[in-house]
Amino acid sequence: MSTTLTPDVKITPLIPCKIPKNKVFVCPESSWTADTDGKWQLHPFAFDRWDVEEMAYYDGCSLHVGLNPFNVYKVHGKDYLKLLTCCTVNTFKTFPIGKARHVIFCDNGGKVLVDGICIRTGEEDYLAFNLVDPNFLNMQMGNPFRFECENLRENYAVLQLCGIHSLEVVEQVCHQDLHDLRFMYSCEAKIDGKAVRILRAGMAGTLAYEIHTTAKDAPYVYQKLLDMDKKYGVQEIGRICYVNQHCEGSIFQLAEHYNIRFEMEGDKFILSGSLPRESELQYHSPYDCGWGNLVRFDHDFMGKEALLAESQRKHNTAVHLIWNKEDILKVQAAVMDPEKRVDYMDMVGDYDFKNNCSTIHMDAVYDGDKLIGASSDRMLSAKTREMISICTIDEDYAVEGKEVEVLWGNPGTCQMRIRAKVTLFPYIKEDRNNNIDIEKIPHPVFD
């Protein structure tokens, strides 16, 4: 967009944005509402070539802040876990202080409505990220639960670091050895006296950490991280790179990989790609996303009956597809054929430059004439140079090396079939954040 801003938008105050260095801006991925001043925040769309940014979360340390401002609810009161138990597929019988848990809300049909993270920060204290407003839920149920809740959306900032050097970067800026911080756990720390929370989690599958701070302190913390660039290769990343992280990381995300039935005014997602617009495959259950291990049937929750039935029959599951290179090149050649009308295939991915994260690209996956799955978030991996996508597929086809076909092209265009091979989750199989040997990374030495 133009660098001449209208009164309805503003450049994010959380990070340094230098014009003309940063020429293109985009709303944050979590831009569901404007700030309290009525303006929408804008973030730099990209900082370098897509492959330079993407390789950082393997070989160096990527730095992303494009989620902010983010719905973060600070909750006090033990009844909050009772509320979550009533409304989600999860149970919280074991939930130690410092632990972060993936929480899933479903509709009555067992399809995911929203998912996010809950961190237990104290005996009766919690931080809820991208989850349904606790006050709204309590009100809808007649206010049976007692807790205090505040939305920190514009006062909280999440800085995401990912890559083999991410631990070293975080340790240096915090001046603290964090080798003992386990996957999906958090702890308190300080950066030059400024209180922060460190969470070991990320979207790309590789080693990753988040630094949680206040919006006021975010610019200072951000600059401290940039100061680590020369030694550790800190690379700022923008929207496309961050979107692609989820595919390589084997993590389904709303508005990238699946749609929802619940539609709020202004939040209707646009479906593109070859998947029929009426197809139920655009909606995903926890089993479709490979999250079946999180579903617990020892309590009542919305969608329980549908998920119980799904768990007891053959169902879809999550895999990756590796697209055939020869067939991809045939599509590229056909795009240049004036006698045909073939949809252009961007080699980086299926990002909608007009509608941003309001469009979900989903392609139909076939075995002959049989529709067997839905592919989404196609991308060219900068590391492996393979064209890959995430797919929910009939579990009979979830076999390593199984060949299927992806239908390329929106309805009404000259559609083409592309061969693809199934590879099982996760795509990144070595040195993942949850099982990497942290002791291979040098412990910090401080001056």
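In the predicted model, the lining of the largest cavity receives at least two residues from each of strand E3 (40-44), strand E4 (61-64) and helix H7 (residues 239-248), where helices (H or I, at least four residues) and strands (E, at least two) are DSSP runs numbered from the N terminus. This cavity has a volume of about 110 Å³, and of the 17 residues that line it, His43, Pro44, His64, Gly66 and Gly238 are the closest to its centre. A cavity is here a set of points, on a 1 Å grid over the protein atoms alone, where a 1.4 Å probe fits but cannot get out, and lining residues have an atom within 4 Å of a point. Grid points are joined across faces, edges and corners, and a volume is the space filled by probe spheres set on the points. By class, the lining of the largest cavity comprises 11 nonpolar, 4 polar and 2 charged residues, with Ala, Val, Leu, Ile, Met, Phe, Trp, Tyr, Cys and Pro counted as nonpolar, Asp, Glu, Lys and Arg as charged, and the others, Gly among them, as polar.

In total, 5 cavities of 30 Å³ or more were found by this rule. The second largest cavity holds about 50 Å³ of space and is lined by Ser62, His64, Gln160, Leu161, Cys162, Gly202, Met203, Ile237, Tyr242 and Gln245. Two or more of these lining residues come from each of E4, strand E10 (156-162) and H7, and E10 provides the largest share, 3 residues. The lining of the second largest cavity divides into 5 nonpolar and 5 polar residues, with no charged residue.

Helix H7 also packs against helix H1 (residues 50-59), their axes coming within 9 Å and crossing at roughly 45°; axes are lines fitted to C-alpha atoms, for helices over the stretch in contact, and angles run from 0 to 180 degrees between N-to-C directions. H1 and H7 are therefore oblique to each other, given that angles under 35 degrees count as roughly parallel, over 145 as roughly antiparallel, 65 to 115 as roughly perpendicular and the rest as oblique. The contact (heavy atoms within 4.5 Å) involves Glu53, Glu54, Tyr57 and Tyr58 of H1 together with Cys241, Asn244, Gln245 and Glu248 of H7, and its residues comprise 3 nonpolar, 2 polar and 3 charged.

Gln253 is located in the loop between H7 and strand E15 (270-272). When residues up to four places away in sequence are not counted, Gln253 touches Glu29, His246 and Tyr258. Between Gln253 and Val348, 95 residues apart in sequence, the C-alpha to C-alpha separation is 18 Å.

Most residues other than glycine have a negative phi, and most peptide bonds are trans. Against this background, a cis peptide bond with omega of about 0° joins Asn68 and Pro69, the latter residue being placed in the loop between E4 and strand E5 (72-76). The bond from Phe425 to Pro426 is likewise cis, with omega near -5°, and Pro426 lies in the segment after strand E21 (416-424). Asp192, in the loop between strand E11 (186-191) and strand E12 (194-199), has a positive phi, near 50°.

Residues are numbered from 1 along each chain as its sequence is written, and side-chain values use heavy atoms, with hydrogens and water left out. For this predicted model, local features need pLDDT of at least 70 and side-chain atom pairs count only at pLDDT 80 or more, whereas totals for chains, interfaces and linings use all residues.

How values were computed. On a 1 Å grid over the protein atoms alone, a cavity is a set of points where a 1.4 Å probe fits but cannot get out, and a pocket is an open set with protein on both sides within 12 Å along at least five of seven lines; lining residues have an atom within 4 Å of a point.
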